Each structure stands twice: as structure tokens, then as C-alpha cells.
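Open the model in your viewer and keep the selection tool ready. The stops below say what to pick next and what is there.

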Amino acid sequence: MPHNHDRGPGLPELLAPAGSPEALAAAVSAGADAVYLAGRRFGARQYAANFSEEELVSAIDYAHLRGVRVYVTVNVLARESELPDLARYLYRLYEIGADAVLVQDLGVAAVAREIVPGLPLHASTQMTIHNREGVAWAAEEGFSRVVLARELTLPEIEDISADPRAEGVGLEVFAHGALCYSYSGQCLLSSVIGGRSGNRGMCAQPCRKPYRLVTAGVDEYGRPGEPQPLPVNERYLLSTRDLCVYPYLDRLVQAPVASLKIEGRMRSPAYVATVTRIYRRALDAIAAGDDWSPLREDLRDLALAFNREFTEGYILGAHDLMGRDRPGNRGVMLGRVTGYDPLRGEATVRLTGDIVPGSGDGVVFWGEDPGMDVGAVIRGAPAVRNGTLRLSVPAPVRPGARVFLTRSMDLEERAKRIMDASPEPLQLDLLVTWDGETPCLEAVVEPIGGEPLRVRYRSALRMEPARNRPLTEEQIAEQFGKTGGTQFVIRNMDIRYPGGLFAPLGELNRVRRAFLERVEETLLAARRPDAGAVNAARQRLETALAGIGRVALLGREPRPLQVSVYTDTLDGVEAALGGGARTLYLEVAAVPYLLKEAARVCREGGAEVVWKWPAITRRSFLDTATSILPSLYGAGVRGVMVSGMGAADAVRRAEPRMSIYGAAGLNLWNHRAAARLEGLFRRCTASPELPADDLAGLAASTGGTLELEVLVQGNIEAMVSEDRLLANVGGEAIDISGFVGLQDGRNRVFPLRCDCEGRTYISNAVETCLIDHIPEIAGMGIDSVAIDARGRGPRYAGEMARLYRIAVAAVARGDSGILPGLRDEVKRRALGGITGGHFVRGIEG
């Protein structure tokens with residue numbers, strides 16, 4: 001029987017995925033405390049089945065009756081045009097009783113706070129919150145929970161929890177399932193390759209594709225010559241293993257973690273049932289004080305459910321999470337091929353463990369490469385003789401090949417039993433009285449995890465005085481005690497029958513059914529906001545919709561365009577300054593001398609230098625960087641560029657006078673997000689994923705003092721990862737002073753670089769170039785255009801700045817005729833060719 005769990009003190013919530021109604025039922029039956037799911041729009045797993053609006057209502061009711069919370073993911077970045085529908089959707093989720101919504105977009109969070117302040121907000125892992133400042137910011141913004149970046153370690157989580165400003169915010173961590181190569185929310189690789197954005201729930205998983213690591217010398221523009229492959233055996237260089245913390249649950253239960261999350265909204269109901277049940281049993285055993293230890297059988301079943309080889313993850317101190325040899329499900333190893341009979345089409349396999357496959361099971365014979373694997377379905381029960389068995393295969397397999405069980409009918413049957421089991425019923429204490437000849441029913445029910453509720457029901461039935469055979473108390477008790485097919489069971493029944501009455505038994509059955517429906521309605525109503533709260537939310541919705549409409553009509557006055565340049569050297573600063581750049585974003589380590597010298601150079605050139613921080617700012621960097629901000633400000637460094645709200649908070653607290661600039665990693669998509677940034681930020685970069693129409697909508701709706709900047713030139717940063725790819729794969733064979741990149745199956749080369757703390761950054765293989773779109777950008781009222789020259793050398797920085805200054809000046813005087821020629825000049829200096837990117841071609845979804 002499924003265990004509907006009222007978790008004990010200190011025990012973290014078990015949060016399971018529900019990508020479909022069937023998976024929801026599986027999660028509930030297997031013992032999840034809560035589930036997370038999405039509607040058909042605005043969720044970050046658009047390829048899952050997800051839930052229609054009608055299914056959402058049913059799903060929330062189904063879960064609530066069984067004591068399970070429902071968190072709805074609204075964790076995509078929202079276009080300006082989508083804000084009205086998003087506002088209506090958030091109102092509807094509140095009305096039907098969602099327990100929380102997970103959001104990524106600052107604008108979506110702002111809309112939710114305005115319209116449905118009573119609906120708890122969870123910060124999605126797509127927000128890339130990875131330091132205590134980020135959690136403190138989330139607390140100030142009204143979030144009740146933060147789903148932390150998967151890259152954080154347990155000591156870092158403990159440090160975050162100890163911060164008084166984080167009090168009241170639950171910390172959620174991933175416990176099991178797939179891992180992303182990039183920090184979530186910072187990955188644009190699928191987007192820049194094919195227009196399918198992970199930030200819109202459309203990720204095509206290019207990290208699971210094969211790549212070659214290549215190197216080359218560079219020319220004066222930082223472009224590689226002919227790429228040469230490095231001697232690397234692995235091909236799936238970005239493919240991570242799967243997370244599994246099950247063996248270490250006793251440690252995590254002691255950690256300051258509110259929720260353990262199982263990944264898998266794209267997985268089958270059987271997967272959800274299997275994994276959830278294993279974690280449920282383990283958590284219950286730990287809570288009961290048992291001397292718990294991981295069971296070998298559970299580890300085997302977790303692997304059989306799905307695995308790309310397990311890792312305990314960064315959270316438990318793993319340093320290499322990669323499974324670079326192959327990207328797919330590995331199952332459980334059965335043995336090795338010792339022979340192949342081509343006449344019979346059979347392979348002889350020597351078993352290396354105690355697993356014997358059965359009829360209907362799926363096996364894979366590994367080839368030298370995943371593309372050479374051979375799969376087979378077993379027909380009949382193979383006989384084991386002397387530790388070997390013979391299996392029919394559809395293609396030849398080589399001796400020595402490893403054989404893996406990837407589908408187990410036994411596991412699926414056990415999962416089906418979990419899903420088919422009846423839920424633990426809710427117990428009712430029933431009192432039956434009569435008002436004259438009318439039966440009245442009253443019950444006390446204790447919802448799982450809730451306060452007892454009293455339900456009273458006066459039936460419409462009027463019993464008649466019996467002529468000869470009155471109903472007995474026993475007959476009435478038998479009819480009112482039937483609860484089959486419902487969530488309820490009668491624990492105690494007190495019947496105060498005056499006697500001498502009659503009614504057909506079918507009428508008593510109708511009374512019972514109506515009463516139990518009333519009990520169910522009362523239970524569900526207790527989990528939803530009351531009518532007054534819903535009406536107030538509806539009025540706030542109407543006000544918000546009117547406000548969104550007015551904002552869209554405001555427009556933004558065109559203003560003189562400035563040119564900014566990203567660089568990572570002092571030579572790059574000097575060259576860009578000479579080319580006409582007015583703002584220099586210098587990304588370097590916390591080296592005061594270098595930053596102060598750059599400030600001096602810029603001051604003399606009539607420009608400003610901004611210290612560009614890395615996209616990820618963990619404790620060691622923040623402690624060092626914030627300690628030098630006051631002295632840097634005194635030396636003329638008057639701005640810092642950040643990619644996260646936590647980093648912005650750290651700057652503000654360390655040096656309040658410092659101007660804060662927002663990088664593309666903030667994912668600015670709409671005016672409501674811009675409004676949240678105004679006052680804290682001087683200038684923010686619009687998301688490079690925005691098509692022209694969406695960028696125009698953002699600009700037209702963003703007023704106030706916040707300056708908007710657009711990345712118009714350079715290889716767009718598409719990934720940032722904790723994986724030390726060059727060190728882990730190439731070792732000492734790589735000269736990181738030259739060019740290093742990843743070459744895909746179409747021979748596109750994606751540049752790699754490392755930041756000051758060794759993280760891996762991957763950029764698009766083709767340069768964005770919007771120089772011929774400067775008139776359109778200027779007409780939107782954009783304040784500044786930016787060129788990314790990091791890793792490209794001073795000549796590239798200087799000449800690109802000069803070309804864009806010429807373009808801006810020409811557009812200002814109405815001479816757009818020179819732009820095609822300037823575009824050709826840019827193309828001659830570009831790496832991998834040029835593209836208009838999302839600005840021109842748009843984005844899916």
C-alpha cells in the first residue's frame with residue numbers, strides 16, 4: 001500500500017516529477033510528499049506530455065486528496081507579448097489551489113507578487129542562484145524556496161543556510177536524475193545552434209552529441225588557423241553522468257535542506273514509481289532511527305530504471321561528473337561476449353554478476369562506439385549453463401563486447417504493482433442523527449498533514465414511518481459504512497436512530513454518496529484560497545492587465561548610441577578606446593594594479609572602465625573581489641558588471657557608490673524584469689535570445705533611468721560549466737595560450753575559454769553581427785551596443801570598435817548606405833562567419 005507521508009521533524013520533503021497524469025499517479029502512489037509539473041505553456045519541459053488546464057485542476061485535486069503538494073513550473077523566460085496570458089495563468093493557478101509556482105524570470109515573479117501575493121514562489125534552478133547573497137536576495141523578493149544550482153557543495157549549502165538573511169527560505173537540491181553540463185539558466189547552446197532555447201523549455205540537448213577537441217594557432221584577430229584534433233579518446237565531451245545521492249541520504253538528511261528533488265519529467269511513470277519508492281523507503285527508515293545503509297538491490301533497481309553511470313554530484317564532493325564515453329542509458333552490466341555464431345545469429349555471454357535476463361528484457365551489446373551498439377529483445381527464458389547463456393542478436397557482435405541489461409520486465413512489473421496499489425484511505429469518524437424524519441450526517445476527517453475538519457450534511461431525504469418492516473440500525477449502518485471506490489473509510493460510526501422509519505436502500509446509498517462528495521469538496525476547498533481572496537486576486541489581475549496595456553503604448557525615445565567593448569587584457573582596453581568605445585568591460589581576476597591602470601587609461605581617453613565579473617561568483621571570488629572594491633572606486637573604477645542578483649547584492653553592500661551593470665546572464669526578456677532591476681542597475685544587457693520584435697517591445701515598455709544594451713558583435717557565450725574540460729580531457733597536452741575549441745559533426749568549431757577560476761566557457765561557432773541593423777536598434781531607443789572581444793586580441797577589439805563607431809555616426813546623420821560595406825569589413829575579421837542570430841531569425845516557441 002502506498003505510504004502517504006507526513007514527514008517528521010527535520011526530514012526533507014521528497015519531491016517527484018510528474019510529466020504526465022500517469023506519472024503523477026505513480027509519484028503519489030510511490031510516496032512523494034510533493035510533485036512538480038507544468039501546464040501546456042510556460043514550463044521548461046515543453047517536450048513532456050504536461051497537463052491541459054482541465055488536467056491541471058484534476059491533478060491538483062487528486063494530489064491534495066492524498067496529502068501531496070503540487071508545485072507548478074512557470075519557469076520560462078517570458079516575452080513581452082506573453083505577459084497578459086502569463087498573468088491570467090498565474091491567477092488561474094492560484095484559484096485552483098496550486099501550492100507554489102517555480103519561476104525563472106524576474107518579470108514573471110514580479111507579476112505573481114502583484115496579482116497573487118498569497119501564492120508561494122519558488123526560485124527555479126534556472127535562476128542560477130549559487131551563493132548566500134543570491135538566497136538573501138530571493139528572501140527579500142518574497143521567495144519561500146530556492147532551488148540551488150546543482151554545482152554547489154554541501155559545505156556551501158550549510159554556509160548559505162547559516163546566513164541570517166536566508167532565514168525562512170527553504171533550500172531545495174537535486175537528488176537524482178540527469179545533470180546539465182552548463183549551469184542551468186546560463187546555457188544558450190541549443191538556442192544558438194538551432195533556435196531551440198532551454199530557457200523556453202525547448203532544449204535539443206546538444207551536450208549529448210559527439211565533439212572533437214581541437215587546437216590551432218591564431219591570427220591577429222584571434223581567429224584559429226586549421227584546427228588540429230587533440231589526442232582524446234572520449235567523443236561525448238559534454239555528456240554528464242546521472243546524479244544519485246541515494247547511498248548518502250543519511251548525510252543529506254542532516255543537512256539544512258528542505259527538499260530533495262528527483263529529476264525526470266521526461267521519464268516514464270514506471271521510472272517515477274521505482275525511483276520515488278526507493279527514496280521514500282530509505283527516508284522513512286532514516287526517520288525511524290533505523291541503522292540504515294544503502295541496499296544493493298535498490299542501487300541495482302535505480303540503475304535499471306535509467307542511468308548514464310551514476311555520480312554523487314558536486315553536492316557530495318565529486319570532482320569529475322562526466323561520462324564522456326557515451327551519452328545514453330547504460331543499464332546494468334550482465335557480462336561479456338565470449339563467442340558469436342554467425343549461422344545461428346547467437347552470442348555466447350559469460351555472466352559477471354547474479355542478474356539473469358528474462359523474456360521481454362532488453363539488452364545492448366556495446367560496440368567500440370555507441371553508433372556500433374547492437375540491441376536485442378530476449379524471447380523466452382535463456383538457460384544458464386556454467387555461468388554462460390546464449391542470446392539471439394540481430395547483427396554480429398565482437399568477442400569481448402560488454403553486454404548490458406537496459407530494460408527489465410521484472411522491474412516494470414514491480415513498478416506497475418506500486419502504481420496499481422490502492423492509496424491509504426482517509427479515516428472518518430461518522431455521526432448520524434435525525435431531524436424528525438431526515439437523516440443528518442456529520443464527520444470529522446483528518447487530512448494528511450492538515451488540521452481536522454468537521455463536515456455537516458443535512459440530506460434531502462425524508463424517510464417515512466414504516467408500515468410493517470422498519471429499517472434496523474444495522475441496515476442503516478451497513479449502507480452508510482460502504483465507501484468503496486472513494487478515498488475514505490469509516491473508522492467509527494455513531495448512529496442515533498429514533499427507529500420506526502423506512503426508505504429504500506438505494507436512497508440511503510444516494511445520501512451516503514452525496515455526503516462523501518461533500519467531504520471531498522470540503523477537503524479540497526481547505527487547500528484553495530477562499531472566495532474573497534480569489535475575488536481580490538481577480539481585481540488585481542484586471543488592474544495589472546490594464547497597466548501592461550498602458551506600458552506597451554509608452555514607447556522609448558531614440559537616444560545617441562554608445563559603443564561598449566568586452567575585453568580581457570589591458571592592451572584590449574587601449575585598442576578599443578582608440579577605436580571609439582566609451583565603455584570598456586574588462587574581465588580579469590581580482591588584480592587591483594591591472595584594474596587601476598585600466599581606469600587611468602580610460603579616464604585619460606574620456607571613457608569608463610567596468611570590472612566584468614565572471615558569470616559564476618562563488619564564495620572565494622566574492623570574498624576577494626568585494627574586499628578591494630572600495631580602493632578600486634577610489635582609483636577610478638566606478639562600475640562592476642555582474643550576471644546574477646547575488647553578485648549585485650555583494651557589490652552594493654561592499655561599495656554602495658559603485659555603479660552596477662547587468663550582463664546577458666541576467667536573462668532580461670521583458671519590461672517587468674527591467675522594472676525590478678531599475679534602481680539597482682545602471683545598465684543591463686538584453687538577452688541575446690530576443691528577436692527584433694521582442695527587443696523592440698522590451699525597449700518600448702522600459703522607462704525610467706535603466707539603460708539598455710544589446711550585444712551586436714562577437715561569438716555569443718553559450719555555456720558556463722564547472723567541468724575543467726581542458727585539464728580533465730587534454731591534460732598537459734593543451735597550450736591554453738592558443739586557440740582551443742570543440743568541433744561538432746558538421747565541422748563547426750565552438751571556441752573554449754576559461755575564466756579566472758578555471759571554469760569552462762563555450763561560445764557560438766559563428767559570430768553575431770548586427771552592424772547593418774544599427775538603424776533599427778537605434779530607433780528602438782537602445783542606449784548602447786556591445787562588442788565581445790574577449791580572447792580575440794587588441795586588433796580585433798580596436799577595429800571592431802572603430803567599425804561600429806562609424807556605423808553609429810553614419811546612422812545618426814541619416815547615411816545608412818555605408819552599412820553593407822561595413823558588414824563586409826566585419827565579416828573579413830569574423831571567426832566562423834557571421835549571423836544575425838535570434839535578432840533576425842527569431843526563436844522557437
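Start with C602. With a relative accessibility of 0%, C602 counts as buried (buried is under 20% relative accessible area, exposed over 50%, partly exposed in between, with a 1.4 Å probe and protein chains only). This is a predicted model: local features need pLDDT of at least 70, side-chain atom pairs count only at pLDDT 80 or more, and totals for chains, interfaces and linings use all residues. Residues are numbered from 1 along each chain as its sequence is written, and side-chain values use heavy atoms, with hydrogens and water left out.

**Stop 1: around C602**

Show helix α16, residues 592-604; C602 is in it. Helices (H or I, at least four residues) and strands (E, at least two) are DSSP runs, numbered from the N terminus. Now select V573, L577, L584, A607, E608 and V609. C602 touches these six, leaving aside residues up to four places away in sequence; contact means heavy atoms within 4.5 Å.

**Stop 2: two helix pairs**

Two packed helices are described by the angle between their axes and the distance between the axes. Here axes are lines fitted to C-alpha atoms, for helices over the stretch in contact, and angles run from 0 to 180 degrees between N-to-C directions.

Select 793-812 and 819-829. These are α23 and α24; their axes come within 11 Å and cross at roughly 170 degrees. That makes α23 roughly antiparallel to α24 (angles under 35 degrees count as roughly parallel, over 145 as roughly antiparallel, 65 to 115 as roughly perpendicular, the rest as oblique). On the α23 side, pick Y796, E799, M800, R802, L803, Y804, I806, A807 and V811; they meet L819, L822, E825, V826 and R829 in α24. Sorted by class, this contact has 10 nonpolar, no polar and 4 charged residues. Ala, Val, Leu, Ile, Met, Phe, Trp, Tyr, Cys and Pro count as nonpolar, Asp, Glu, Lys and Arg as charged, and the others, Gly among them, as polar.

Next, select 132-140 and 645-654. How do α5 and α18 cross? Their axes come within 7 Å at roughly 95 degrees. The two are therefore roughly perpendicular to each other. E133, G134, W137 and E140 in α5 meet M645, G646, D649, A650, R652 and R653 in α18. The class count for α5 with α18 is 3 nonpolar, 2 polar and 5 charged residues.

**Stop 3: aromatic rings**

A pair of aromatic rings is described by the distance of the centres and the angle of the planes. The structure holds 12 aromatic pairs. Rings of Phe, Tyr and Trp (its six-membered ring) pair if their centres lie within 6.5 Å; planes under 30 degrees apart count as stacked, over 60 as edge-to-face and the rest as tilted.

Go to Y246 and Y279. The ring centres are 6.0 Å apart and the planes are at 70 degrees, so the pair is edge-to-face. Y246 lies in the loop between β10 (242-244) and α8 (249-253), and Y279 in helix α9 (residues 269-287), so the pair ties together parts that are 33 residues apart in sequence. Buried or exposed? Y246 is buried at 0% relative accessible area. Y279 is buried at 0% too.

**Stop 4: arginines over rings**

A charge sits over a ring if NZ of Lys or CZ of Arg is within 6 Å of the ring centre and within 35 degrees of the ring normal. Select R267 and Y271. R267 lies over the face of Y271, 5.8 Å from the ring centre. Then take R326 and W366. R326 lies over the face of W366, 3.7 Å from the ring centre.

**Stop 5: loops with positive phi**

Select Q205, in the loop between α7 (189-194) and β8 (212-216). Phi of Q205 is near 55 degrees, a positive value in a residue other than glycine. Q205 is partly exposed at 40%. Its C-alpha is 6.5 Å from that of S190, 15 residues away along the chain.

Step to P206, in the loop between α7 and β8. P206 is buried, with a relative accessible area of 10%. P206 touches L189, S190, I193 and Y211, not counting residues up to four places away in sequence.

Finish at N386, in the loop between β16 (374-377) and β17 (388-392). N386 has a positive phi of about 55 degrees although it is not a glycine. At 73% relative accessibility, N386 counts as exposed.
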